Amino acid sequence: MEHPPPLRRASDRREPDDRREQERRGPHPPHTTMRFPTFGEQRIQFLTRYLFCALGWAFFNIPAVTPGEHIPLATLNIIFASYFVFTTAAFYHAWRHPVHPARYRLAMWVDIALVATCMVNDPYDIPPSLVVFIMIVLGNGMRYGMRMFGEALVGSFLAIMLALSFRFAYGTHGISAGMIFLNLFGSIILIYAYVLMSRIETAQHLLERSSKQDTLTGLMNRRGLVETATSLFDRIATYGGMASVMFVDLDQFKRVNDDHGHAHGDQVLRRFSDILFENTRVGDIRARYGGDEFIVLMPETPLDQSEAIARRIQTAFAHWCTAHGYQCSATIGMGEAPRDGRSLEAVLDKVDTALYHSKAATPYGGLQRVDQLPVKLGPSI
């Protein structure tokens, strides 16, 4: 019976070498990724916001000199009160929903807008509020990653230019040498921090990728599989969904090593990994679990569809082995999460049973699903 091809997006159709290279580098380069800090980390940032809000209010309401007159003090106090209410609402939202990129950005831009407003009304020729922009850039960059670092950096520079232009055009404050040097020093510090953090994150990203990758096949190793699968199963438990789990064991692989040598065995493993890349999507999780054992996790893929993909993998591998004179095939056990388990270990326990049931029934190239295992009859009375 002809099995339907797996559903694949146009963007998923890549050559094996390109797919392996993307697997090695990860889905996104480090400078485009975003970190998702815990609520504990975000709580420190919100407490810092409250502190700066209180200091800002005191700066303008208990002045040592006459405050600026661009914005009336009553209006400025309303702005501080509005910022306090917004920060409190965002704090509560972070407690309920710690991972929320839109809130990260909105809070950052509100911070920038408030500091720019304070800078416009700052009574000093060299406004101390300029220093707060450094806190905004570093605080967001170190907490949320290089993408937010870049956005905060650009946003702060634009806000500073607008505030300085307003002070120069509509006030009595000129652009002094001290202000120029303060801006230059601040800019150098921020740009240097950005470059340094970018290099650190790139090195860390490459180190993490290499520690989670099987060097022979380009697939994930067991450590990478466990960490990625844990995240996937947590997401399924929180938001719902499902995933098919495929456990593959290469039949007679030891014989390939014994008859042809380990170099040929390595070639078989690399070719099988290519077949996995060719028949799965970019978002699927492929890993070398052991010597000749492989695992594939396919999020949001029904078991009927993943079974068709598994049979295509078996057929492609069997044809390649026959063409190269290897007596090797692939036996596959299959299950579905969360129906067959709510963790990788729980699902693999059942899938492993299905795999060895298949080997007992069909020594070479069998396939068994957990939901189609024969029901064991209880003892007769």
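D304, E307, R311, R339, D340, R369 and D371 are linked in a network of salt bridges. A salt bridge here is a side-chain nitrogen of Lys or Arg within 4 Å of a carboxyl oxygen of Asp or Glu. The model is predicted, so local features need pLDDT of at least 70 and side-chain atom pairs count only at pLDDT 80 or more, while totals for chains, interfaces and linings use all residues. Residues are numbered from 1 along each chain as its sequence is written, and side-chain values use heavy atoms, with hydrogens and water left out.

R339 forms a salt bridge with D371, with the closest N and O atoms 3.8 Å apart. This pair links distant parts of the chain, 32 residues apart. R339 lies in the loop between strand 4 (329–337) and helix 12 (344–361). D371 lies in the segment after strand 5 (367–369). Helices (H or I, at least four residues) and strands (E, at least two) are DSSP runs, numbered from the N terminus. R369 also meets D371 in a salt bridge, at 2.8 Å from N to O.

Accessibility was classed by relative accessible area: buried is under 20%, exposed is over 50%, and partly exposed is in between (1.4 Å probe, protein chains only). R339 is partly exposed at 41%. D371 is partly exposed at 37%. R369, at 6%, is buried.

By the salt-bridge rule, the count comes to 17. One further pair is D274 and R271, whose side chains meet at 3.9 Å, N to O. Both residues belong to helix 10 (residues 262–279). They are three residues apart and therefore separated by about one helical turn. D274 is buried, with a relative accessible area of 14%. R271 is partly exposed at 22%.

Helix packing was examined next. Two packed helices are described by the angle between their axes and the distance between the axes. Axes are lines fitted to C-alpha atoms, for helices over the stretch in contact, and angles run from 0 to 180 degrees between N-to-C directions. Helix 4 (residues 101–120) and helix 5 (residues 130–144) pack at about 170°, with their axes 9 Å apart.

Helix 4 contributes Y104, M108, D111, I112, V115, A116 and M119 to the contact, defined as heavy atoms within 4.5 Å. Helix 5 contributes L130, V132, F133, I136, N140 and Y144.
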